[in-house]
Each structure stands twice: as structure tokens, then as C-alpha cells.
Amino acid sequence: MLTYILRRIAATIPVMGLVALFVFSLLYIAPGDPAAIIAGDQATVQQIAHIRASLGLDRPFLVRFGDWLWHVLHGDLGTSIFTNLPVLRMIEQRAPTTLSLMTITLVMSIAIAVPMGVLAAWKAGTWIDRVIMVMAVFGFSVPVFVIGYLLAYAFALRLPWFPVQGYVSLSHGFWPWLRSLILPSLTLGGIYIALIARITRATMLEVLSQDYVRTARAKGVGQREILYVHALKNAAVPIVTIIGIGFAALIGGAVVTESVFALPGIGRLTVDAILQRDYPVIQGVVLVFSFIYVLVNLVVDILYTVFDPRIRY
Amino acid sequence: MGIRRRTFLGASAAALAAPGIARAASVLKFIPQADITILDPVWTTAYVTRNHGFLVFDTLYGTDATFNASPQMVEGHVVDNGGRQWTMKLRDGLKWHDGAKVLARDCVASIRRWGARDAFGATVLQFADEIAAVDDRTIRFRLKQPFPLLPTALGKAASNSCPMMPERLAMTDPFKQVTEMVGSGPFRWNARERVVGSLAVYEKFHGYVPRPGGVASGTAGPKIVHYDRVEWHVIPDAATKTAAMQSGETDWWENPPADNALVLKADRGLVTRVLDPTGLMGCMRLNQLVAPFDNPAVRRVVLDAVRQEDYMVAVAGTDPSMWHVPTGIFAPGTPMASDVGLKRFTEAKDFAKLKTALEKAGYKGEKIVLLLPTDLPELKAEAEVSADMFRRMGFEVDAQASDWGTVVQRRASMKPVAAGGWSVFSTFWTGLDQLSPAGHVFLRGQGKAGGQPGWPSSPAIEALRNQWLAAKDVTTQKELAVKLQQQAFIDVPYIPLGQFFQNTSYKKSVTGVLDGIPVFWNVRPA
């Protein structure tokens, strides 16, 4: 197992290298010029060229890529063209918000969606199943920003229970921190809950029709034990897979959620950097996100062995 | 249970002292138009950076609400040698935020740095034989010719303003950003608490010496600070900003769009009004290097096709109090504005006639590439109205949608449209940018040498501008401004599209908000 993990971690290095090359190339060929944005409307073409040169943006592709890669290998993601701040510092500043949002969303989504899916499978074909599936379709269909606006209107403006916007750091206390993240997490979790609930239901239906479940029932094992001890554990592999895949959707959704609730997270940092063509920031963020995504997939693979002892690496 | 006399006295004393000790810092929570990503007000013309600049940096002169320059950091000035020598003396007690004294040589270096980047600043340097620090408090300008606009230039409120910095910062390359924020303005920059894209914090600078006497107006007069701390909260979404104002989480929103302003106006706890009466001036730029707009006759037909109301309704809505037409090349209501030649912008248009006129002018069916930015609603609206107008005139229009970042790169291209060039784009400037020919970037005719996308060439406009800069009195300036407008409608360096206004919204409990650009002195809690 340890060898497998080490091999997988080693395999991330060429993956990250390819991601780096891809992102750098994409930005190189994409239209837009940060120097022109910085210089503003009044600037002459000559002034823009001067700024471009001072930022080193006029150097050949390979020189720029080589320079950037060299610094990345030394743990330096570069400096933002606009703010002049180290990219790593900007990411560090933003990471707690996004990590907090994702953690709460993940925990909340699993806590809500898995029991929902199990219940729907248990009561398959009844009105309970239909209600749960309608809710799942709703979660899939309604855009994240619409859910966000509705929640903010209801629970921040009409009923002033939560703040409309902003993030409170955990260092200011657990409840203020949680309070600032409840509405964003519910917003972001909508699609995730729907996804997990549907997969849980489908997988549980399959497992519940297996012989060993029938045998357990015949032996007089209780319904709760059948569902949560025997069936759910065997249904866990696809559920864990979908949680891992859904992580990418969570990253995408975080961009919108952070904008709607004005959370200073990595999602907004990415959007702002793209609009401004702040290349070092875009490259740094994509690299970090890619690394996290690879890591999540590794964790998912390891979890398979926990839920299904037949799987061995 | 009894109470001991000493305990009672101690408790009473503590209670009396408490209000002084425990007074909470007063905080003003402001939502700016965008994040302050660039801190150096000389390095960029972004309006948000200009506003930030006026908190941290002071200027030698200020501009009041009637657009007059008056001494700010300087006590005053003496003009000698027939207007060719200006001697300015700094006020006593001015300090940088690091505690050092503000010296004349700091100011000289600051003026030079600004002059390397700003159009009006470049004019100052062009007129100057020497800018020198005579002693610690005295700055002397020796000029090639009289230049009565010197205080106006040094005190301009439009981008780029002329911020004073310590010499060590001002001596740096003007094409590289200064990120160490040491100014002598009424607020200090709190770098520690900054979260890019979310929060910027300014603290009252207790060493600031406001100008004695007078009334605060625009960027002129005494800059007296009443809040201990000003926080800029960056909120990207307009609906969220509206909700933040309605819930009382923020105190002041710089520029709510028209739709959101309607909601805010209905809120009794808020004041929602126009802050800057000079508004924003829509402008259409035609590329004069490529056909068909290299032909002045074609440009003049387009000029005649523009109905400014169509643009303003698209940009600012149907409430006519939020826009003004017709507008010429200077902001309406300001000293240089005139109505000469503006009737064309309000007349109903006969597109069949315009089509014929276009053919007569020499249009040969060339494709025009219209740059359409999708991420800035006002510019998108302007471009969409233009696209429709051009099509109705008979142009073959290729409206290319992209974000603003792509537009600003594309418009720098001098190539033909088939090789990645362009034909037309629209933008807007603040009215402050179009107060006079001095800082009016679109009112130039230097051709390729000017380096301005569109590359308009008009020796007549350049000659009139030079005469205006040298004019000795306002009457002459006004006469020349009229001639400039007439000439602009012949050579068509750009086409004015109307003036629109932006609301600002703040809590009723916030008072003393000054007209003009958002400034944070004079503002106080009720």
C-alpha cells in the first residue's frame, strides 16, 4: 500500500508538469494584455510597450516559461503583476476561506445527502422517494447563484439571522465563523447534495436486491442495521467515487458562491486574475487546484480499500 | 451587604473615565467601484486607484466643486517674470506617514514622476525649463512661456492626479509600480490588513495638518477627518451590494447601477443621489488608420448618424434625470462647454438618407470590426447601439465580443481589420477628464505619434489646443473651446455619445459627503 501511495505521489509530478505547460501555453496564446489594462485608457501605445517591457512580458515564450518553472521548482509561484504581492501569499490569504467553505459544504452535503439517498432507496416507489428525487432534480436544475440570492433574501434580509456577505475568520470564534458560512455552504451544497443523494439511492437499490441482504432479513436483522451496516458499506465505493468527482464541481461552484456572498476565497481570486490577465496568479492558482484535485483522487483510491477489503493495491 | 467607601470611589472614577478609554473607533464601511489592485496613482489611470490616491497622498493644489484650483499643500504662490516664474511655498508642519518632514525636493521628484505618465503633466514638463527645490519649503518653476494653468495641472482631480511622495519613492521608474504607500494625505494605508479582492483599510493620520480656514470642496479646502478608520469592502456582485446596504452591513456604496439605485432610493434609511455632477462621458473612437474611417467624409456621416439619446437610454435607463444630451466635447455645465454643432445629436435620423450620404462619401462596402466588451455593462450597451446604427446605415459590421481585457489589447493594433485590427470601439471618461483641452486625451490630433488607439490626425486641433494652453484669460479659452468643438466635428477624432450620471448611496447617518469624486474627509457620523 505504501509503495502504491508513493508511486501515485511520484506520478503527480509529471501530471503537474503537464498542467503547468498547458496553462502557461494557454495563457500565452489567449488574447489580452495586462500592460494595456494597467496603463489605462489614457496611455499611449508607447507607454503600454514600456510597461510590458518592465514586466518582462515581451520576452520569448520559452524564456518566460523556463524562468517561471525554475522559480516554481524553488517554491516560488511568482509575483502578481498588479498587486506586486507574492502569489503564494495571495493564495495563503485566500485559502482558509475556500477550505472552510468546501469543508462545511462537504460535511453538510454528506450528512444530508447520504441519509436522503438511503431513505429514498428504502422507500423506493413511495411518495417519500418521489419527494426526495424531486428535491434532487431541483438541486441539479436551479443555478447556484439563484439559490444564493434566494437564501440571502430569506435568511439575511427578511430574517436577519445570517450576514448578507463577508467571511469571518475562525480566529474570531467558532460561531461567527460558522454563521458567515452557513448560507454559502447551503448554496454551494445544493447540487452536491442532489448528486450524492441520487447516486446513493441508485447504488443502495442495487445492493438491497443482493442475496446477502435477503439472507440478513431472513435471519431477522433489523432494518437500520441492514441499511447502514451491511448495505451502505457495500454501496460506499461508488458514493466515494462521486464525492471525489464532485469535488471538481465544488471548485467550480465556489467561484460563483464566493462572488455572490463576497467571500475572499481562491475562486474569486481566480476570476479576478483571469479578467485582469494576471498571469502569475492564474498559473499559481491552477497549479494549486490541480495538485489538490490529484490529491483528492488519491484519497478516494485509498478509501476504496477501507470500504471494500477485496480491493488491494 | 455594605459597600466600602474606597471601592465606591474607585468604581465611580473608573465609570467616569470609561467613555474616554473605551471609545470605540469610528469605522466607515465603503463599497468601492472595484478592488484596489494597483496602489500607485501614477502607474495607472484606474479611477479606483485615483480615489485611493487621494486618501493616502496629498496634492500641492486642490480642485473645488466649481473646478477652480486652490492651494492645498502649498501656502500660496508668487508669479514673476511675466508669468514665466512661479515660486510656491509649502505649508509648515507637513509630514509623511513615516514621520519625516515633507520637503520641496520630494515634491519636485513627484512632479517629474507624474509628468512622465500624465498628459497634462507632460505639458507641464514641456513648458518648464526648470523645476527646482530652492530650499526645504520652496519650489520654483522657470517656464519657457507663461502657463497660467500650472495650479490647475498640479491640482487636477482626474486621473492621473499629481500625488506627492517622498523623494526615494518618487525617484523610481514611473513605469514600475510603487507599492510602499507613504504619503502625506489625511489617511494612512494599512498594508497589514489588506486582503486583495476583499478588504482595504485606511486609518486616520494623526500627524496630518489640514489647511487652515476655508471650506472643504472637491479635493480643495481643509481635509478634516472624522472617522478613525475607513474600510473598503470589495463586493463583486451588484445584488449582494444592494443587500449589504439594505441590511446595514455597509455604510456607503460608491456607484450603484441604475436598476439597483431604484431599490436603494426606496429605502428610507439611505440617501441615494448623484455624487459627481460632471458624470461620465460616452465616446466612440474610429480607427483612422484603416478604411473606411481613414476617410474624414465617412467619419462625418457617422457623426451625423449618432442620436445620443439612444445611447444614454441603453446605458443609463429611461429616467432622463440620469443622463444629459446633447453633449459636445467638454462636460456640460463646465466652463468650456458649448452648444455649437450639437443639434445633430438630437435630430431624428433618416437612415436611407444616411446610407446615400455614406456612399457619396466614398464608402465601398469595407467590413468594419466593432469591438464589443461583454463584461462592462455600460460599454456593452454603447457598442450594441453602435452596431445597430452602423448596420442601419449600410455598413458591413463584424461585432466581435470579448472581455475588456481583450479589447484594450486589440485596440492597440494598427493592422488592417483582416489582420487582427479594428475599426471602432466605445468607452467612457469621467466629466473631470473632459473639462478642458489640457487633459482631454481623445481631443488630440497627433496621428501615429500621439500613440492613442484610433490615431486621429488633425493639425488644426493641435494648433487650437496649443493656443488654448497659452491663453491668458478664460474668455479667450472659451472662444478657443468653441473653435475646438467646431474643428472636432470636421476632423472627428471621436464622437461624443452623451453624458450619464452615476448614483452613490449612503446611510442617512453618514453626513458631510462632498460632491465630486468620493473623498473621505469631511464625512462624519451623524
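In this predicted model, chain B holds an open sheet of 7 strands with mixed pairing, whose order is β8-β9-β10-β1-β11-β19-β12. The edges of this sheet are formed by β8 (187-189) and β12 (270-274) of chain B, and because each has a single partner strand, one side of each is left without a neighbour in the sheet. Further in, strand β11 (residues 252-253) and strand β19 (residues 503-507) of chain B pair in the antiparallel sense over 2 bridges, and B:W252 has B:Y506 of β19(B) as its bridge partner.

The domain assignment divides chain B into domain 1 (36-184) and domain 2 (280-500), and the centres of these two domains of chain B, taken over C-alpha atoms, are separated by 31 Å. Where they touch, 13 residues of domain 1 of chain B are in contact with 15 residues of domain 2 of chain B, and the area buried between the two is about 1,200 Å², of which carbon and sulfur atoms give 69%. On the side of domain 1 of chain B, the residues B:Y47, B:F67 and B:L149 supply 40% of the area buried against domain 2 of chain B, more than any other three residues. Across this interface between domain 1 and domain 2 of chain B the rule finds 0 salt bridges, while 2 residue pairs, both residues at pLDDT 80 or more, are in polar contact. The elements giving two or more residues to the side of domain 1 that touches domain 2 are α2 (47-56) and α4 (119-127) of chain B, with α4(B) providing the largest share, 3 residues. By residue class, that side of domain 1 of chain B comprises 9 nonpolar, 3 polar and 1 charged.

Turning to the contact between the chains, 42 residues of chain A are in contact with 54 residues of chain B, and together the two chains bury about 3,800 Å², 52% of it on carbon and sulfur atoms. Within chain A, the residues that lose the most area to chain B are A:D41, A:Q42 and A:Q165, which together account for 19% of what that side buries. The rule finds 1 salt bridge across the interface of chain A and chain B, and the side chains of B:D403 and A:R277 meet in a salt bridge at 2.7 Å, N to O. Across the interface of chain A and chain B there are also 15 residue pairs in polar contact, both residues at pLDDT 80 or more. Several helices of chain A give two or more residues to the side that touches chain B, including α5 (87-122) and α10 (223-260), but α3(A) gives the most, with 6 residues. The residues on this side of chain A divide into 21 nonpolar, 14 polar and 7 charged.

Note on methods. Residues are numbered from 1 along each chain as its sequence is written. Chains are lettered from A and ligands numbered from 1 in the order in which they are written. This is a predicted model: local features need pLDDT of at least 70, side-chain atom pairs count only at pLDDT 80 or more; totals for chains, interfaces and linings use all residues. Side-chain values use heavy atoms; hydrogens and water are left out. Domain bounds come from an automatic or database domain assignment. Contact means heavy atoms within 4.5 Å. Buried area is the accessible area (1.4 Å probe) that two parts lose on being put together, summed over both. A salt bridge is a side-chain nitrogen of Lys or Arg within 4 Å of a carboxyl oxygen of Asp or Glu. A polar contact is a pair of N or O atoms within 3.5 Å; within protein, one must be able to donate a hydrogen and the other to accept it, and residues adjacent in sequence count only if both atoms are side-chain atoms. Helices (H or I, at least four residues) and strands (E, at least two) are DSSP runs, numbered from the N terminus. Ala, Val, Leu, Ile, Met, Phe, Trp, Tyr, Cys and Pro count as nonpolar, Asp, Glu, Lys and Arg as charged, and the others, Gly among them, as polar. Two strands pair if DSSP finds at least two bridges between them.
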